[in-house]
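Welcome! Let's take a friendly walk through a protein model, one region at a time. Have the view open as you read.

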Amino acid sequence: MDFFGEQTRARRKTRWLIFWFLLAVAGIIAAIYCAVTLVFMQHFWSTTRFLWTFLIVGGGIAAASLYKIAQISRKGGAFVAIELGGRPVWRDSNDPLERRLVNVIDEMSIASGIPAPQAFILNEESGLNAFAAGMTVNDSVIAVTRGLLEHMNRDQLQGVIGHEISHIVNGDTRLNLWLIGILHGIFCLTLAGRSISSRSQGKNISFIILLDVLLFIIGSIGLFFGRLIQSAVSREREYLADASAVQFTRNPDGLADALRQLGGFGSDIQHPNAAAASHLFFGEGKKGLFSFVPSLFATHPPIEKRIARIDKNFNPARVSRRQPASGAALSDRVPAAIGFSNIAYAPEAAEIAAHIEYARNFLAGISPPVREATHQPEGAAATVYALLLSSRAEIRQQQIDHITQTHRPETAETALACARWLADNGPQSRLPLLDLALPTLRDTSADERRRVLECVEALVQADGRLSASEFALRCLLTRVLAPRPPSVSLRLERLDDDMAILLGLLSSAGNSDEADIHAAFQHAATLAPAQKPLSFPEKAKLRPKAIEAALEHLAHAAPHFREKLLNACVAAVAHDGKITVAESELVRAFAQSLDCPAPPVLPD
């Protein structure tokens, strides 16, 4: 998958969204102007009347859209899941189906290099469907319907989750949430009509009927453009997500079988808010007023075409209309390592397969007590603390004492147990273990997250120095547990200096010889998207606050710029022919700060 290319294409789609939105608003304003003229029997054209209509209607639609976009931006994907009737799945759930869902999400997340999205279930929905939502990889969620969870086996569930993970990785989720905000403004007249109808029984029926008819006609214009916008944005990206899911899972049969289930048993979503979010779903979520023209208004490609792209031997007659078997009765096997005979082979497919295999092996090898610890808030905190325990006995004892004072003795004991497991399994297990603990901590209260971060800061400062690994872990934790809204705008004159700071730190992380450090820096600088030759930064600039400020500023750059920058970062750490765990942790921290996925560095 070309992550940065897809990010760029998503940005272009956003520009088209604005165009279609303006066209929809113009149509609604024109319709309301005509309605007002007819109702009050006025001359057709009046500049004053038009301006008032433009200001009131256009302003109202814009305000409703901006309000919804701000609401979603502030609360993230969880807000959308809850608005669609979802409930969170706790990571320590004893329900076997919920645990299977969490395990599959963990596996896909470790392989793709993103924090595991929070899982949600739409309990009241019997249709087979799912969606991903989030403004960034750090606030993303994946929701599945009760029907999908109960009626799909592990292979099929993995295909669906791989599809949704690819939406997150490719930047579709941000585009889709912007679309929900825009559609909210367009649909607001339809929603207002429903509200008036439900509250007006017995009151001036003739006027209410007339108002309802007018709002229905005008609302239909909004629905027309809304469905057109949804279909224009969504369909081609569903094909991309299907192809990406096959790369993730190495099992085209799993995804193809999941799509057959959808085609046979339906994917309808009954929640009243589903219309504005129908483009989010794995399958067509809501058939609307214009479903009689599916080629123009469908938010998803036909199921048959999606399956045919995955399985060249597909027979449409295999799309069954039977009731699906229970998921508990279906095979729960781990997919075999099969090839890509049914789809075009992508150059990076073998690398993606290796990441999936790595994630599977890691999850299979983790000890049950450590895995259980990552699913409990106190245990997840202890897991994080284990990553920071010093190898020096006197410093480690100070850290254990602080953990005991901040939490309780059991938390310190769990941290020591996790540290022993890490010592046995090598430092390359640090980031995957952190990926398992972060979603649990992210779901805790703001006070609990603050307590964890304060304890982390104390553990980092226990020996009076800040190592590369400690800085990387602190950066990753802060990004997820205490995200800050963007506070700076992009300034072109700062970009070169900020890139020099990052490359200078990475060049120094794995080298002690000054000549090697400068050689690594110069090699990386030739790959960076700099406007002028980069100079190695002064040591005073390689301080945590300066590095964090540089990352915050560079996160505003365009996708193609960040792509070149991350390539330069990798070149800096790989210049000596090897990448240490500390270097890989730094690259992962930088990538996550730039809102980019960073798959694990494999042992070889």
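## A helix and its length

The expected span of a helix is 1.5 Å times one less than its number of residues. Keep in mind that this is a predicted model. Helix H20 covers residues 492-509, which is 18 residues, so its span should be 26 Å. The end C-alpha atoms of H20 are 27 Å apart, which agrees.

Which residues of H20 are buried? They are Leu-495, Asp-496, Asp-498, Met-499, Ala-500, Ile-501, Leu-502, Leu-503, Gly-504, Leu-505, Leu-506 and Ser-507. These buried residues pack against several helices, namely H19 (468-481), H21 (514-527), H22 (544-554), H23 (559-574) and H24 (581-593).

## A sheet of four strands

Now look at the open sheet, where 4 strands follow the order S1-S2-S4-S3 with mixed pairing. Strands S1 (86-88) and S3 (130-133) stand at the edges with a single partner strand each, so one side of each has no neighbour in the sheet. On average, neighbouring strands are turned by 25° against each other, direction ignored.

S3 and S4 (residues 141-145) run antiparallel and are joined by 4 bridges. Here Ala-130 stands opposite Val-144 in S4. Helix H4 (residues 96-112) packs on the sheet, touching S1, S2 (118-122) and S4, and its direction makes about 140° with that of S2.

## Spaces inside

How many cavities of 30 Å³ or more are there? The count comes to 2, and the largest cavity has a volume of about 60 Å³.

Residues lining the largest cavity include Val-102, Ile-105, Gln-118, Ala-119, Pro-439 and Arg-442. H4, S2 and helix H17 (430-442) each supply at least two residues of that lining.

Conventions. Residues numbered from 1 in each chain as written. Predicted model: local features only at pLDDT ≥ 70, side-chain atom pairs only at ≥ 80, totals over all residues. Heavy atoms only, no water. Buried < 20%, exposed > 50% of the residue type's maximum accessible area, 1.4 Å probe, protein only. Contact = heavy atoms within 4.5 Å. Pairing = 2+ DSSP bridges. Axes fitted to C-alpha atoms, helices over the stretch in contact; angles between N-to-C directions. 1 Å grid on protein atoms, 1.4 Å probe; cavity = no way out; pocket = protein on both sides within 12 Å on 5 of 7 lines; lining within 4 Å. Points joined across faces, edges and corners; volume = space filled by probe spheres on them.
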